[in-house]
Each structure stands twice: as C-alpha cells, then as structure tokens.
Amino acid sequence: MEAFDFVAPKSIEAAVSILNENGDRARIIAGGTDILVMMRAGRRLADVVLDVKGIPELDEMSYSPEGGLTLGAAVPCYRIYQDEAISAAYPGLVDAASLIGGIQIQGRASIGGNLCNAAPSGDSIPAVIALNGVCNVAGPNGTRQIAAEDFCTAPGQNALQQGEMLVSVSFPAPVANSGANYQRFIPRNEMDIAVAGVGSSVVLDASGENFVSGRVALASVAPTPVFSRAAGDSLAGKPVSDEAIREASELAMADAVPINDMRGTIRQRIHLIGVLTRRTLNNAVERARGG
Amino acid sequence: MTLSNQVLSEVEYNVVGKRPVRPDGVDKVTGRAQYGADVKLTGLLHAKVLRSPHPHARIRSIDTGKAEALPGVKAVITAKDLPFAALSREELGGDYNRLKFASDHMLASDKVLYKGHPVAAVAAVNAHVAESALALIEVDYEPLEAVVDVRAAMRDDAPLLHAELRTSSMGEIGDKPSNVAAHLSYEKGDVEQGFGEADVVVERELTTASVHQGYIEPHNSTAFWNTDGQLNLWTSTQGAFAVRAAVADVLRLPVSRIKVTPMEIGGGFGGKITAYLDAIAATLSQKAGAPVKQLMTRAEVFEASGPAPGSWMKVKVGAKNDGRLTAVQLEVAMDAGAYPGSPVMQAMTCAFACYDVENGKVDGYDVVVNKPKTAAYRAPGSPQAAFGVETVMDELCQQLGLDPIDFRLLNAAKEGTRRIEGPVARRIGFVECLEAARDHDHYRTPPEGENSGRGVAAGYWMNRGFQSSCVITVNFDGTVSLIMGSVDIGGTRASIAQQAAETLGIAYEDVKPMVVDTDSIGFTFITGGSRTSFATGLAAIEAAESVKAQMVSRAAKIWDAAEDDVEYADGAVRHKSDPELRLGFKDLARQLATTGGTVAGQSNVDPAGEGNSYAVHLADVQVDPDTGKTEVTRYTAIQDAGKAVHPSYVEGQIQGGAVQGIGWALNEEYYFDNSGRMMNPTFLDYRMPTSLDLPMIDTVIVEVANSGHPYGVRGVGEVPIVPPMAAIANGIHEATGLRLRSLPMTPGKILEEQWERNGG
Amino acid sequence: MPGVVHVQAKINGEDTNFLCEPRQSLLEVLRDVLGMTGTKEGCNDGNCGACTVVLDGRIVDSCLVLGVEAQGREVQTIEGMASPGGLHPLQQSFLENAALQCGICTPGFLLASRALLDAEPDADEGRIRHWLAGNLCRCTGYDKIVRAVIQVSTAPEK
Ligand SMILES: Cc1cc2nc3c(=O)[nH]c(=O)nc-3n(C[C@H](O)[C@H](O)[C@H](O)COP(=O)(O)OP(=O)(O)OC[C@H]3O[C@@H](n4cnc5c(N)ncnc54)[C@H](O)[C@@H]3O)c2cc1C
Ligand code: FES
Ligand code: FES
C-alpha cells in the first residue's frame with residue numbers, strides 16, 4: 001500500500017474541511033473492511049485517510065418508537081443487532097447487519113460504509129431502501145438528505161459531492177402491522193457475495209389480511225442496488241395471497257438487469273430474484289402479523 | 001472418542017493406538033510456534049515478485065532501472081541473474097529442456113506462460129517499498145493467444161506453449177511440437193471382448209475444474225547467503241531435502257553449500273513440495289549481501305503456486321445382469337499447467353483399483369496449458385478419476401437395480417487382484433470397508449428431509465515408501481531424543497514418537513521428537529503421499545531397535561555377562577538366567593554416563609512394504625430445488641488405516657480430506673475469463689467450506705494390518721479426498737434425478753440441469 | 001512524505017508504545033513492529049480469520065485494522081490467552097481433542113471461541129458453527145474444533 005497520512009477528526013466540520021481540501025485524495029475509513037482491501041489492491045489511492053469513528057454523530061444510534069431510528073454512519077453492524085429495541089423494531093435491518101461478512105467483519109463494518117461503497121451486491125442497501133431509509137449528508141454547503149434509493153449511482157459510486165460525507169441514516173418509526181425482511185442467495189452459508197438479494201417491507205391493514213403498501217429492493221442484478229417500485233406498489237390494496245406475492249415477484253424480476261459473471265448468470269439471477277422476492281415477502285408478512 | 005468416531009481394532013498396543021497430546025501442541029495453542037513467516041534476522045530485507053498480468057506473452061524487454069533507483073531498494077533480479085542465462089545448450093545437452101523449465105518456472109526468461117508467472121523480484125528495506133518498486137519495473141510484453149482448457153490445448157491448431165515440447169508416447173517422441181507432453185496407456189485382458197460380453201454398458205464424458213490445496217499459510221522463504229558462500233534457507237515446506245535439491249539444481253550449487261531449515265508449516269496437502277520462492281530469495285540475498293524474506297500474498301498463492309489439474313475424462317464400464325463387471329475403460333486428459341508433469345499416471349493407476357475386473361484399458365494425456373504449473377494435492381490424480389469412475393458405476397448400479405455397496409462387494413479388489421497396470425494387491429481392506437459401510441447406522445437410516453438423497457463412493461490410493469532417516473539418542477535421565485527430517489504438518493511428531501516409545505517399551509512422554517535441518521539428519525523424502533507415519537515410523541522403529549541392542553550390550557558390560565545372556569523386554573534389560581540382574585530403561589540410562597557414554601541408534605530406510613489405502617464414503621445431501629443449492633446433511637467416511645497410530649490424527653486426516661473433497665464437489669474452482677486470467681484469487685471467491693457449511697464428519701477406522709510394517713501401519717492422509725465428489729454427485733442424483741458430470745456442482749449448474757430437463 | 005506515528009495502546013493488559021506508519025495494519029504492527037508473531041496472516045483481506053485479535057472486547061481481523069487505530073484502545077492477542085498458571089480451558093481442550101493439525105489457524109480460532117463463550121457460555125453446535133464461520137481451517141474439516149469448543153461450553157450434549 002502507498003503511504004498516506006492519518007487523521008481522526010472529532011467533528012463533522014473538521015472532517016468536511018479535510019475532505020473539501022483533498023478531494024479524491026482523501027478517503028474516509030469507517031470499519032475499513034472495504035477501503036483497506038481496495039487500497040491494498042491499488043483500486044483506491046489516498047494521501048490522507050480520515051477515521052470518522054471519533055465523530056459523535058457518526059458513532060451514535062438513537063431510537064424512539066415515535067421518532068424512529070437515526071443510525072450513525074460508522075456504527076458497526078454488531079451494535080445494531082445487539083440492541084434489543086432496535087432489533088425488535090427493525091428486524092429487516094438486522095437481517096442484513098448480521099450477514100455481512102462473519103463475526104469479525106461485523107465487529108467493524110458499518111451500514112454507512114456499505115452504502116458509500118455502493119457495491120451492487122451491498123447487502124444492507126436493499127434493506128435500507130425497503131425500510132424507507134434516508135441518508136443524512138453533511139458538506140461544505142451544509143446538510144442535505146438523499147433517499148436511500150437515490151444514493152448509489154454506479155458501481156462503487158455514490159451521490160456524495162466534493163467535500164461531502166454521510167453522517168447517518170434515518171429510518172421512520174415502524175408503523176403498526178408492518179414487517180420487513182432481507183435475504184440473499186450465496187453458494188456458501190456465510191462469507192460470500194450475494195449472487196442476488198432482496199429486501200422487502202410490507203404494511204398490512206389491521207386485519208393482517210390485506211396489503212396497504214410494500215417496498216421491494218434488489219441486490220446484485222444491476223450496476224446499483226435497484227428499488228423495484230413496481231413490485232412494491234403492486235401489492236397495495238391487494239389481499240395477502242400467493243397470487244399477489246407471485247405478481248410482485250414477477251415485477252421484481254422484470255426490474256432485474258443483471259450480467260453474466262463468475263458469481264452467476266443472467267438467467268440464474270433473475271430466477272433467484274423471483275424466489276427471494278417471494279420468500280422475503282412471505283417472511284415480511286409473517287413479521288407484520290407478529291410472527 | 002464418541003460413537004461418531006469408531007475404531008475397529010484387532011490388535012492393541014501400549015502406546016500405538018492411543019491418543020496422547022502432541023509434543024508441539026502447547027507451542028501451537030499459545031502462538032509461540034515459529035512458522036516460516038515468523039523468521040527474524042538482523043538486517044532482514046523484504047522481497048516482492050513482479051508477476052505477469054498476461055496468461056501468455058513473449059517478453060521483449062525488462063527495464064529495472066527506475067526500480068533500482070528507488071530509495072530503500074537493495075537488489076532487483078530477473079531471469080538474467082539465474083545461472084541458466086549463462087549456460088549454453090551445448091553444455092547442458094539433454095538436460096537443456098528440463099533445466100530451462102525449472103529455471104523459467106522460478107523467473108521467466110523469454111516467455112510468460114500464465115498470469116502470475118514471475119518476471120522480476122525486488123528486495124528492499126520493507127515490503128511496502130519493495131511493492132512500490134515493482135510498479136517501476138517496465139516490462140514490454142507481446143501478448144499471445146492463451147489456452148486454458150485441456151481439450152482445446154490438445155488440438156492441432158492450439159497456441160503452443162513450448163516450441164520444443166514434443167509428445168512422448170510409449171517411448172516414441174512425436175515429430176512436431178505439441179502441448180501434449182505425454183501419452184500413456186495400460187491394458188489388461190481384452191476390453192473389446194469384455195464389452196461384448198456385457199449386458200449393460202455405460203459410457204460418459206466428464207470434466208473437473210482446477211482446484212487449489214487451500215492451505216491457510218501462504219508460501220514463504222527466508223534466505224541468507226553468507227560471505228563464505230554458504231546458503232541458509234528457512235522455509236515452509238513439506239520436504240527440506242526437496243527444497244535443497246531444487247535450489248541446488250536451479251542455482252547450480254552442490255547440495256553441501258545449502259542448509260535448509262524447515263519451519264513449522266501451515267498446511268501443504270502436496271502444494272508445499274515445489275520450491276517457488278527459495279531460489280529467488282537466495283539470489284536476491286546474494287546480490288544484496290543481506291538476508292531476504294519473501295512472503296506470498298493470497299492472490300499469489302492462487303495465481304502462482306500449483307493447483308491440482310483440471311481434467312477431461314471418458315469412462316466406459318460394462319457388466320453382466322448379475323452385476324459382475326466385464327470390462328472397464330478410461331481415457332483421461334489432465335492439464336499440467338505451464339510445464340509438463342500432471343499426475344495423469346496416478347489417475348490411470350487409481351481409476352479402477354477398487355475393482356477386480358478381467359479386462360481394462362486406460363489411456364492418459366499430460367497436457368500443458370496457460371495456467372500455473374500444477375502441484376500435488378492429496379492423492380494426486382485419484383480424485384478426478386474417482387469422480388468419473390464412481391459416478392458411472394453408480395449409473396450402472398441404477399440401471400442394473402443393484403445396491404451400490406452390494407455391487408462393489410461383488411466386484412471388490414482383494415488380496416491377489418491384479419491391477420490394470422500390473423501390480424498384484426497384497427492384503428488390503430476394501431471389502432472390510434464396504435462391510436463396515438453396509439453395517440453402519442448411517443447406511444441403515446434413510447436420509448432425512450425433502451429433496452434429499454444419499455450417495456456412496458469408494459476410493460483408492462497406493463501410498464508411498466521412500467527414504468527416511470532417524471536418530472534416537474538416550475539421555476541420562478532415561479528420556480530419548482528422536483531426531484528426524486520429516487516435517488510435521490498434522491501430528492507426525494506424535495505418531496512417530498509413539499512408534500519409538502512402543503518399540504522401546506517406554507512412556508510416550510519420555511520421547512522428545514524434533515524435526516531438524518538438512519545438515520543434521522540423513523536424507524529424508526517429503527512429508528506427503530501418505531508416507532511419513534509409515535516410512536519415518538519404520539526408521540524410528542529401526543533406530544529404536546538399534547538402541548535396544550546397544551542397551552543390551554551395555555548392560556552385559558556392566559554385569560560382566562555375555563551379550564547373548566542379556567535380553568531387552570518391556571522397557572528393561574535383564575539377564576536371561578539371573579533374575580537379580582534387571583535394569584529398567586531409566587536405571588540403565590543413568591549409568592550410561594559412567595560406563596562409556598550415551599548410546600544412539602540410527603537408521604535409514606527405503607521401504608517397499610507400503611500398504612494400499614481404501615475408503616468408502618456415505619454422503620447425505622439436500623438440494624433446494626428453488627436455488628439449486630446443495631447442503632451436506634450427514635457424512636460418514638470409512639477407511640482402512642492398517643493400524644491407526646494416533647486415531648485422533650487419523651480421524652483428523654479423514655475429516656480434513658473429506659471436507660476438501662466436499663469443497664471440490666460443490667463450489668471450488670479456478671474461474672478463468674475468456675483470455676485465460678484467473679478471476680477469483682481470493683478466499684472470498686474461491687469458496688472453501690466454512691464451519692457453517694458442514695455437518696460433523698463421522699469416521700470409521702478399519703484396521704486390516706499392513707504386513708509391510710511391524711504395527712500394521714498404512715498411510716492415511718491421501719485417500720480421504722478421493723470419494724467425496726462422486727459420493728455427493730451420486731447423492732445429488734438420488735435427491736434430484738440429475739446426473740452432474742462436471743465439477744464443481746454449483747447451484748447454478750444444478751439449476752441449468754433442472755431447466756434443461758424441464759424443457760428449457 | 002508521511003512519516004511515522006506514535007501510538008499508545010494496551011496490549012494484553014500492558015501499556016505499550018510503538019511507532020508505525022499509518023499504512024501499516026495492526027497485524028503488521030503486532031508481527032513486525034512488536035515481534036508478536038502468534039497472530040497469523042492467511043489472506044490479508046478479511047476472509048480467513050487467522051489474524052483475529054480482540055479490539056476493545058470485540059473480535060476483529062487485524063489485517064483490516066490500521067495500527068494507528070489502536071491508539072488508546074485495548075488489544076488482546078493469542079500471546080495473552082494463557083495465564084502464568086496454565087492454559088485457558090479452550091487451549092487445553094484444543095490440545096486434548098486434536099483440534100489442530102498444522103496449527104496456523106489455531107490462534108484465530110482460539111480467540112474467536114473465547115469471545116463466543118465469554119458472551120454465550122452455553123453456545124451449542126449450531127451457534128458455534130455460525131460464530132466461527134469467519135475463521136477458515138483447511139486441515140481439520142472443523143469437526144474436532146467444534147467438538148473442542150462444545151466441550152468447554154456448558155450447552156447440554158446432544
Ligand atoms: C471478508 C469480508 C466479507 C464481506 N462480506 C460482505 C457481505 O456479506 N455483504 C456486504 O454487503 N459486504 C460485505 N463486505 C464488504 C464490507 O464489509 C461492507 O461493505 C461494509 O459494510 C463496509 O463498511 P465499513 O464500515 O467497513 O466501510 P469502509 O471500508 O470503512 O468504507 C467503505 C467505503 O465508504 C467510504 N465511507 C465510509 N464511511 C463514509 C462516510 N461516512 N461518508 C462518506 N464515505 C464513507 C469509504 O471511504 C470507502 O470508500 C465484506 C468485506 C470483507 C472484507
Ligand atoms: S489475514 Fe486477516 S483475515 Fe485472513
Ligand atoms: S489446522 Fe491447519 S488450517 Fe487449521
């Protein structure tokens with residue numbers, strides 16, 4: 001790895017000013033589980049590396065049943081699933097946080113890093129999209145919000161501009177009779193990159209028999225994670241049924257535009273999107289019904 | 001020991017067959033054991049290798065000027081710095097091609113033959129500087145078309161790797177250059193007639209992908225070329241003497257100028273026999289005048305150490321309606337990688353060794369392709385052949401409506417069976433393994449769950465003898481030092497110490513085994529081929545016998561008795577007729593100092609009595625029809641160990657080999673892009689099984705004594721990797737009705753097969 | 001040209017000062033700067049767990065931590081696992097159950113297993129297999145490793 005300077009700013013302002021000064025030659029390290037691998041392989045270069053874990057806003061989680069969850073961008077996965085209140089309120093997020101890498105990786109890897117790394121296969125991103133996550137961004141011109149589905153723009157590229165950083169991700173408070181689930185397909189059972197992944201969330205009516213709304217997002221089937229609006233919208237107002245879920249899964253499959261590569265073929269990936277959409281919607285329904 | 005791990009023993013000993021804690025264990029659980037990467041020397045430099053980005057290219061020029069000028073860089077070398085560059089074809093004569101291959105394998109001279117082929121190396125004050133220097137070396141390549149598929153490489157119009165390589169076929173040399181280095185053939189009886197007599201014939205083509213041994217410790221070497229011209233190497237190897245010979249060959253040195261110290265080794269499985277780094281580190285050290293340490297990265301391990309070959313096979317078997325085999329035939333082509341030397345001969349000899357059949361024919365091709373030169377991997381050649389043969393046999397059983405174990409019992413090789421290539425089996429335990437499988441709870445309980453199935457497959461490995469040397473010296477406190485040249489990869493210090501202790505009749509704890517450098521012990525062949533507990537064990541037994549004889553003569557001297565009147569029994573010497581005269585081993589040891597000094601036994605062996613190994617595996621699998629993913633839900637491996645010296649480590653070999661086989665079966669493969677570049681040189685994308693992918697691996701150790709060893713020991717380390725691929729393929733067939741004929745049997749392939757069956 | 005940085009950390013309970021370059025990983029610092037070679041490198045990219053250490057109470061892959069990130073934090077390595085009085089029960093169990101062959105993966109497995117049993121003393125086979133999935137072993141097939149951990153766990157034997 002080429003030599004670089006290391007700084008650990010303690011405030012957003014300090015971090016933003018270093019980022020703004022150094023442009024592309026400044027790299028943020030949160031958990032380091034992507035950036036160090038990339039720098040070692042020469043795929044990212046840096047004159048200065050900023051450790052953002054010491055900035056309070058990036059290292060905090062705050063949750064209330066009314067206000068929802070604000071998740072600091074650098075909070076490692078394990079803190080999410082070790083928090084009982086958050087685990088109970090956002091099991092769909094926990095699904096993703098507890099399958100990134102193995103236990104060692106989860107001790108470091110953050111949801112913010114997963115989003116900023118913007119891999120098509122990033123496991124938390126479909127879950128964040130399904131849960132209506134919003135990215136809170138700080139930059140030289142102040143703060144702004146970006147919907148999670150708009151955050152990734154190309155493989156390895158995100159919507160952040162020069163000098164900007166991700167501070168946190170906000171999730172609305174879960175409404176009654178809602179549920180979410182993320183599942184991926186990998187050839188092994190752990191330590192693998194998603195061949196395809198689907199995050200789904202649903203809101204049911206009070207009877208638990210009808211869909212009020214749904215959101216579906218896909219991993220590893222396009223240059224970025226895909227928000228399959230059509231799949232989610234198709235559920236609204238329909239009775240919960242295999243038929244409705246099958247229709248949604250077909251719409252999700254139609255939104256998948258994968259490539260052939262060593263991890264899978266186009267046909268396999270589209271097929272898996274169908275399978276996983278069905279499985280995650282069924283699971284989300286079960287959770288919404290309190291299962 | 002649990003019911004999950006059974007040992008079916010017929011003979012019990014005092015120490016052999018017990019499960020003591022290994023002597024090097026405490027160092028390894030506390031982090032103190034010194035592996036190759038842990039070597040520290042004053043003034044140590046760090047080396048990195050520049051490797052070819054192309055799978056096939058001509059090197060037009062290499063400019064190292066800028067790298068040499070980088071501050072902190074101490075030496076840069078290319079193939080020009082190896083002795084071969086200065087040797088003429090006339091000088092080398094018939095040895096020219098061999099040495100060119102060996103030297104070019106270390107550092108390419110005129111051509112690179114695989115992505116990862118070394119072209120230059122740098123020694124610098126630290127690894128980061130060395131890496132920066134690599135980026136400053138300018139290599140002008142002329143890229144050439146590459147070929148990575150074994151069958152494509154055999155075609156007449158295939159790109160040629162070596163202008164001078166011609167096919168050697170049964171003693172004849174071909175008349176034009178070819179990627180086919182060799183064609184071998186064996187025949188027994190008359191296959192045409194045999195197939196003519198058959199009621200059922202099954203013939204199939206199959207392929208297997210390149211796979212890697214996957215040892216967790218990357219290759220490493222530290223070299224110090226002293227000013228007196230003496231070369232010291234500290235390295236991770238399965239054979240210190242093999243490294244010494246390889247380095248002596250490439251560097252044109254007498255072996256006496258090289259001392260190799262084998263460090264603790266973090267796995268090898270055959271892959272740490274070839275010396276990849278040692279000659280480079282030595283040459284850099286010579287040029288820099290300082291010690292040089294070199295470590296491979298994981299990507300380098302995948303791209304530039306030796307995988308096991310990919311293969312293509314055509315298997316044909318014929319049988320009567322009652323299940324009796326009438327003829328068998330195999331054609332197999334194996335990719336050797338960039339230089340000749342695939343284990344195709346072993347594939348041919350192992351393929352049908354489980355079966356007693358009148359008529360058989362095997363043909364094999366050793367083919368060079370633009371991949372790293374292949375290396376040994378546990379039972380080299382046999383797993384590929386077994387995948388072909390054992391899945392086709394399963395299909396035959398299915399067509400005949402026969403139970404796979406009954407079918408194998410009917411046709412099993414046994415004492416007296418002559419293999420296709422000639423040798424006649426001595427006492428072997430294949431029938432006993434099949435019976436143990438048939439009687440096992442696993443076989444008597446149906447597989448659990450939906451979409452599940454069970455596969456059965458057998459495997460064979462011949463095992464090896466070769467030379468080993470051991471010294472046993474008696475310490476005055478009654479312990480003995482056991483000095484050997486066999487490196488310990490998985491508990492052989494323990495298993496050899498047990499054999500010495502058993503022979504001497506002393507406690508295991510009183511034997512202090514140690515593995516030493518090449519200057520400190522006689523020539524000892526590698527740890528590999530399932531030979532160490534057998535052959536080095538024999539050397540230890542003989543050295544112990546020599547100690548016993550000397551203890552007898554020392555006692556005779558002390559007692560002023562005739563040697564013939566003194567005998568050694570149960571760890572003591574005693575006078576045959578005077579019961580008063582008896583000295584325990586420790587008591588006599590205490591008197592050695594004052595009666596002429598210590599005694600030492602030494603032995604060199606080159607035994608021929610290795611006993612063949614057989615195994616039978618049972619695999620239960622469950623296949624998710626939606627995703628094509630296979631889970632192994634239950635697994636039992638049955639194997640004849642002759643005598644398990646340390647049953648825990650025998651079980652460990654069986655379990656480890658079976659799991660490597662499970663990886664080979666389901667997910668592991670070198671994935672090449674269209675131009676022949678490996679795309680997955682990481683543990684993320686080269687998917688070896690994790691703990692979460694596996695059930696417990698149950699074992700049954702069958703003990704049919706090998707008559708070539710006093711305690712009946714057979715090698716155990718190789719054969720466990722032979723049956724798993726076929727066992728799992730056969731299980732997948734039972735679960736899904738699909739016959740997978742190409743490894744690995746990934747979820748994607750299973751989905752494709754399902755779609756094809758269901759009409760696209 | 002960036003230089004070296006002074007870092008102060010607690011390593012196996014000892015206050016430790018060292019100098020390192022920012023680009024050096026914690027793994028490099030432990031092995032090359034501090035001479036603590038018990039922590040092993042198998043891949044240098046987070047996939048094998050051989051370099052597992054405990055950082056502020058959590059297991060991490062030290063190849064994916066910068067040495068400078070250890071500033072003010074607490075690191076535990078294999079060298080600190082046994083006490084002067086003897087081996088940790090897991091170390092003893094690994095020895096007795098032949099849970100190591102070549103031993104290169106062993107320090108990582110031991111630290112990961114200890115972290116599991118410290119948090120969940122009654123972890124069962126399924127939980128152990130899940131927890132250890134970030135540690136690769138190529139020699140043993142995991143069977144004897146999992147058994148060695150089960151033996152120390154208080155989970156009822158199945
Ligand atoms: C062995 C292994 C297994 C893995 N398994 C998975 C897996 O199963 N699923 C999966 O999705 N991923 C996986 N990953 C990838 C990685 O762990 C995840 O993407 C993780 O979420 C990244 O988080 P991090 O905190 O480590 O990010 P870092 O590596 O610290 O950062 C990632 C990128 O985001 C940038 N960045 C980080 N924080 C910010 C911020 N606040 N503002 C702006 N930019 C920022 C960094 O500069 C860098 O470019 C794996 C990685 C490894 C090494
Ligand atoms: S060396 Fe760190 S995970 Fe492999
Ligand atoms: S014991 Fe060798 S890798 Fe685990």
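**View 1. Ligand 1 sits between two chains.** In this predicted model, ligand 1 lies between chains A and C. Around the ligand there are 34 residues, and those that come nearest are Ile28(A), Thr33(A), Asp34(A), Ser110(A) and Asp123(A). What kinds of residues make up the shell around ligand 1? The shell divides into 16 nonpolar, 12 polar and 6 charged residues.

**View 2. Polar atoms beside the oxygen atoms of ligand 1.** Let us look at some of the individual atoms. A backbone N or O atom of Ile28(A) lies 2.6 Å from an oxygen atom of the ligand. Gly32(A) also takes part through its backbone, with a polar atom 2.8 Å from an oxygen atom of ligand 1. For Asn114(A), a polar side-chain atom lies 2.8 Å from an oxygen atom of the ligand. How much of ligand 1 does the protein bury? Taken alone, ligand 1 exposes 980 Å², and the protein buries 93% of that.

**View 3. Helices and strands around ligand 1.** Three elements of chain A give two or more residues to the shell around ligand 1: β2 (26-29), α8 (111-117) and β10 (165-171). Which element gives the most? That is α8(A), with 4 residues in the shell. Asn114(A), with its polar side-chain atom 2.8 Å from a ligand oxygen atom, falls within the range of α8 (111-117). Likewise, Ile28(A), with its backbone atom 2.6 Å from a ligand oxygen atom, falls within β2 (26-29).

**View 4. Where chain A meets chain C.** Now for the two chains on either side of the ligand. Here 27 residues of chain A are in contact with 29 residues of chain C. Between them the two chains bury about 2300 Å², with 61% of it on carbon and sulfur atoms. On the chain A side, Arg40(A), Ile103(A) and Gln104(A) lose the most area to chain C, together 31% of what that side buries.

**View 5. Where chain C meets chain B.** Chain C has a contact with chain B too, and this one brings together 51 residues of chain C and 58 residues of chain B. About 4300 Å² is buried between these chains, and carbon and sulfur atoms give 57% of that area. Which residues of chain C lose the most area to chain B? They are Gln101(C), Arg129(C) and Arg138(C), together 19% of what that side buries.

**View 6. Domains 2 and 3 of chain A.** Chain A is divided into domain 1 (5-51), domain 2 (56-171) and domain 3 (178-288). The centres of domains 2 and 3, taken over C-alpha atoms, are separated by 20 Å. In their contact, 25 residues of domain 2 meet 22 residues of domain 3. The two domains bury about 1900 Å² between them, 61% of it on carbon and sulfur atoms. Within domain 2, Pro120(A), Pro126(A) and Ala130(A) lose the most area to domain 3, together 26% of what that side buries.

**View 7. The two domains of chain C.** The domain assignment of chain C gives domain 1 (5-79) and domain 2 (89-152). How far apart do their C-alpha centres lie? The answer is 21 Å. Fourteen may be a handy number to look for here: 14 residues of domain 1 are in contact with 13 residues of domain 2. Together these domains bury about 1000 Å² between them, 64% of it on carbon and sulfur atoms.

**View 8. Domains 1 and 3 of chain B.** Chain B is divided into domain 1 (40-143 + 217-266 + 272-304), domain 2 (311-463 + 611-757) and domain 3 (465-605). Between the C-alpha centres of domains 1 and 3 there are 40 Å. Their contact takes 15 residues from domain 1 and 16 residues from domain 3. The area buried there is about 1300 Å², of which carbon and sulfur atoms give 62%.

**View 9. Two backbone details in chain B.** Most residues other than glycine have a negative phi, and most peptide bonds are trans. Arg252(B) has a positive phi, near 50°, and is found in the loop between α8 (240-251) and β14 (258-262) of chain B. What form does the peptide bond from Leu743(B) to Pro744(B) take, cis or trans? This bond is cis, with omega near -5°. Pro744(B) has its place in the loop between α20 (724-736) and α21 (747-757) of chain B.

Key. Residues numbered from 1 in each chain as written. Chains lettered and ligands numbered in written order. Predicted model: local features only at pLDDT ≥ 70, side-chain atom pairs only at ≥ 80, totals over all residues. Heavy atoms only, no water. Near = heavy atom within 4 Å. Polar contact = N/O pair within 3.5 Å; in protein donor to acceptor, adjacent residues only side chain to side chain. Areas by Shrake-Rupley, 256 points an atom, 1.4 Å probe, with all protein chains shown as cover. Nonpolar A, V, L, I, M, F, W, Y, C, P; charged D, E, K, R; others polar. Domains from an automatic or database assignment. Contact = heavy atoms within 4.5 Å. Buried area = accessible area lost by both parts, 1.4 Å probe.
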